[in-house]
Amino acid sequence: MRALVAGLLGVLALVATWELYRAVGPEAGVTVGGTVVLPRTSDLAMPHVWEMLRVFGEPASGASDADSVLVVVLGAAGFTLRIAAVGWLVAVVVGLALAVLMARSGLAESAILPWVILSQTVPLIAIAPLVRRWGSQLEVGGLEWQNEYSVAVIAAYLAFFPIAVGALRGLKSPVASQVDLMHAYGVGWWTTLRTLRLPSSVPYLLSALRLAAASAVIGTVVAEASIGLRGGIGRLVIEYAQSAGGDPAKPWAPIFGAVAVGLVAGGVVALLGLFLKPYRRQEVLS
Amino acid sequence: MSAGTHAVEVAGVSRVFDTKKGPVVALDDVDLTVAAGEFVSLIGPSGCGKSTLLRLIADLDQPTSGTIAVRGKGPRQARLDREYGIAFQQAGLLPWRTVAANIELPLQVHGVAKGARRARAAELLELIGLTDFADHHPDQLSGGMQQRVAIARALAESPKLLLMDEPFGALDEITRERMQNELVRIAAETGAAVVFVTHSIPEAVFLSDRVVVMSPRPGRITGVVDCQLGSSSSRTDAVRDEAGFFHAVAAVREHLHGTAPVAVRGVETR
Amino acid sequence: MTSTAAVGAAQAAETRFRLSGAGSHAVLAPIGLGVVLLGAWEFGVRLFDIDPFVVPAPAAIAGEVLENLPTICSGSVVTGRNALAGLLIGAVVGVLAALVSSASRVLDQMAAPVVAALSVVPIVALAPVLYTMFGAAADTARILVAALSVVVPVYLNTLRGLRQVLPVHRDLMRAYAARPAWVASTVTLPTAVPFVFTGLRIASSLAVISALIAEYFGGPIGGLGKSITSAAAGSDYALAWAYVFGSIVLGLTFYVATLAAELWFTRHRATT
């Protein structure tokens, strides 16, 4: 309860700072040595916070039967969430498989892990404009490649990393005596995986899954924006940025939408944790 | 007693570890025989190879040279045939399983049917006096209770040999003595031979039929002390105050320190 | 107690060993895998006659890299400068914010929703808005995008580090009746330093990627991001991939530099 009030106060403080600077800051922003360090305070650059909220009630376009911005953003959020979920699922499968492979063999770990880390320095999102062309021209087993797949692939690419690394740490988390015990029982590696390593990895896995959900959402939005896929938040970011001249508060709507999608995705994964409660007990004596 | 009935036979066993700073001899030409039903403690300072020896017997590690027989079989075969139960300094209970489910773990991985598992776990809970805690989780138990559960788990498949690596090492002295009393009783009730690794001289003397004293660099057996403090039923806390107990303690100490300090020799010569 | 500490130390040493790549096993295995994958890629492209717009062959990319080395380098400098500025700003802000949050529980709770939002918002979605706020002619918006992506991991890791003080150290300080400022400088901050660098390492390649993607949304030309898009728009795919290669090298440089800093600052820690 206290945390809730404090959190609310935090958001209010942020709003107050924004409005205060807007009220007292110079129109052209603050420039130090030729570099702009504080923003301009014009209506265009810094719309009032209530303007940002008002936009949600406006019609999204000039058409007479246009939906409100809120409806459009919600629809786009649903679209983005769906693609992100697909990307997340792919990431979970790939990440877990890699983690199990690396936990199984030391050689596999030393061969693969550097590449897994390296993979995150590759701006796959930067490749999005290149991937866009796949849409019309690639066919996989009679299935025509859709732009949505490209977006999901990019989301999965960002999301598999925390899962692979987190799951590997989790799978290697059992203490030596527990591993020795399984060895003493003479049971195979797969039984050890099922009875010891997988359950032990749950706490690590849950936080990895949550990180992956955020990554999947981020990847989806950015890939939508750079591929230009219609229907999702990413595309709205671009569209509404272009209409900033008419209504400077409008570009903020999809940003709030993106935050909402991210929080929902994280929340859903957190719910998963409730079902796995028994596996999150920490051993007292260890 | 024929060789086949011995719980453990170790003959000329050495274990050399390759480290970055060159080879380290953890065990050098060790011979040891543990009879069926016998309680033997391994004692010595850190690095004397007592835990290594236990791990070799359990087939958690392999000797560089020499042979080991566990109940007449090679260690690997003995492990696969579940000839021994094992407990470590860390209870190593699985935190997501209840106390009963932890005791059932070895039975479960070996495919014992659910009903039989339940029954056996109930028996063992009775033996360690934790019947009321069957559905608790390890984090709700004290350290001593956790270690009792670990011992019950080691006994689950009714092994004729128990291997214990400093199982009471992390417990406070008071809990520790109570656990020792219980272990004496449990060992007698099950008739299992025990190989028990410890740092504590009184613990080794109180528990054991024989105490094997080891020294480090390289790990060797430097002496064996017969304790024989009476049958398990008569071995209660009172034994800790008897002269025989102190004599055995002094004897072990003498082996440990090589040339015994004057005070200890005084005890030894009465 | 001593044995677990020893195991921890051994693991830390092993990790360091592995990270510093001293063992032949640790070096050869990934290189071997890399060669196999590259070979399969090259072979696959030739065998199935895959069009360059899908993926060009590694040899073709390598050719473009060599041919355009000067532009790739100058592009890396432009993007790298923004990323570095963003990394530094983000690190300073993140550490300061963590210090404030660790000192006051209320401020920590107040920051929670903002941090939660920041950690899920695609920072690049903010890019268009930031360009309007700071002007599209300057690099400020790009630096801010990079800085914002750095703030969250640095803040979270530093905060964790600041709360990591061992009870034994805290008791010791109480026994010495040490002043709070003194406790902070002798125990709290040194304990947190490795965590700050862990956060920085995680943030390092993020900074590069964010600075690069921010270029898609406007601002001056010259950076790697703009170069990738213009090469792709001109259907020169091998060249676009060559710029992508440049950005990988740039990201890797940032990662290795922060990793080296992390290892240096944790060299006397058995366990972190």
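User: Which residues of chain C does UniProt list for "transmembrane region"?

Analyst: This is a predicted model, and the annotation is taken from an unreviewed UniProt entry. For chain C the entry lists residues 22-41, 84-104, 110-131, 143-162, 182-200, 207-228 and 240-265.

User: How far apart are the end C-alpha atoms of residues 84-104 of chain C?

Analyst: UniProt includes residues 84-104 among the transmembrane spans of chain C. In the model this span is 95% helix and 0% strand. Its end C-alpha atoms are separated by 30 Å.

User: What share of residues 182-200 of chain C is helix?

Analyst: Residues 182-200 are another span that UniProt lists for chain C. The end C-alpha atoms lie 26 Å apart.

User: Where does UniProt place the feature "transmembrane region" in chain A?

Analyst: Again the source is an unreviewed entry. For chain A, UniProt gives residues 69-100, 112-131, 151-171, 204-223 and 255-276.

User: How far apart are the end C-alpha atoms of residues 69-100 of chain A?

Analyst: Residues 69-100 are one of the spans in the UniProt record. The model has the span as 100% helix and 0% strand. From end to end, the C-alpha distance is 45 Å. Residues 204-223 are also 100% helix, with end C-alpha atoms 28 Å apart, so ask for residues 69-100 and the value is 45 Å.

User: How many Å lie between the C-alpha centres of domain 1 of chain A and domain 2 of chain A?

Analyst: The domain assignment gives domain 1 of chain A as 1-28 + 35-46. Domain 2 of chain A covers 67-280. Their C-alpha centres are separated by 32 Å.

User: Are helix α10 and helix α11 of chain A roughly parallel or roughly antiparallel?

Analyst: Helix α10 of chain A spans residues 233-242, and helix α11 of chain A spans residues 252-275. Their axes are 8 Å apart, at an angle of about 160°. Angles over 145 degrees count as roughly antiparallel. The crossing is left-handed, and α10(A) and α11(A) are therefore roughly antiparallel.

User: How many nonpolar, polar and charged residues are in the contact of α10(A) with α11(A)?

Analyst: From α10(A) come A:Ile233, A:Leu236, A:Val237 and A:Tyr240. From α11(A) come A:Ala253, A:Pro254, A:Gly257, A:Ala258 and A:Val261. Gly counts as polar. By class the contact has 8 nonpolar, 1 polar and no charged residues.

User: How many charged residues are on the side of chain A that touches chain C?

Analyst: Here 53 residues of chain A are in contact with 50 residues of chain C. Elements supplying at least two residues each on the chain A side include α1 (2-24), β2 (35-38) and α9 (189-227). That side has 41 nonpolar and 10 polar residues; the charged ones number 2.

User: Which helices of chain B each supply at least two residues of the side that touches chain A?

Analyst: In this interface, 22 residues of chain B are in contact with 22 residues of chain A. The chain B side divides into 14 nonpolar, 6 polar and 2 charged residues. The helices that each supply at least two of its residues are α2 (75-80), α3 (99-109) and α5 of chain B.

User: Are α5(B) and α6(B) roughly parallel or roughly antiparallel?

Analyst: Helix α5 of chain B is residues 143-155, and helix α6 of chain B is residues 173-190. Their axes come within 11 Å and cross at roughly 15°. The crossing is right-handed. Angles under 35 degrees count as roughly parallel, and α5(B) and α6(B) are therefore roughly parallel.

User: Which residues of α6(B) meet α5(B)?

Analyst: On the α5(B) side are B:Gly144, B:Gln147, B:Ile151 and B:Leu155. The contact divides into 4 nonpolar, 4 polar and no charged residues. The α6(B) residues are B:Thr175, B:Met179, B:Ile186 and B:Thr190.

User: Is the peptide bond from B:Arg217 to B:Pro218 cis or trans?

Analyst: B:Pro218 is in the loop between β8 (210-215) and β9 (220-226) of chain B. Omega for the bond from B:Arg217 is near -15°. The bond is cis.

Terms used:
Residues numbered from 1 in each chain as written. Chains lettered and ligands numbered in written order. Predicted model: local features only at pLDDT ≥ 70, side-chain atom pairs only at ≥ 80, totals over all residues. Domains from an automatic or database assignment. UniProt positions renumbered as here; feature names shortened; annotations may be inferred. Helix = DSSP H or I, 4+ residues; strand = E, 2+ residues; numbered from the N terminus. Axes fitted to C-alpha atoms, helices over the stretch in contact; angles between N-to-C directions. Parallel < 35°, antiparallel > 145°, perpendicular 65-115°, else oblique. Left-handed = near helix turned anticlockwise from the far one by under 90°. Contact = placed C-beta atoms within 7 Å.
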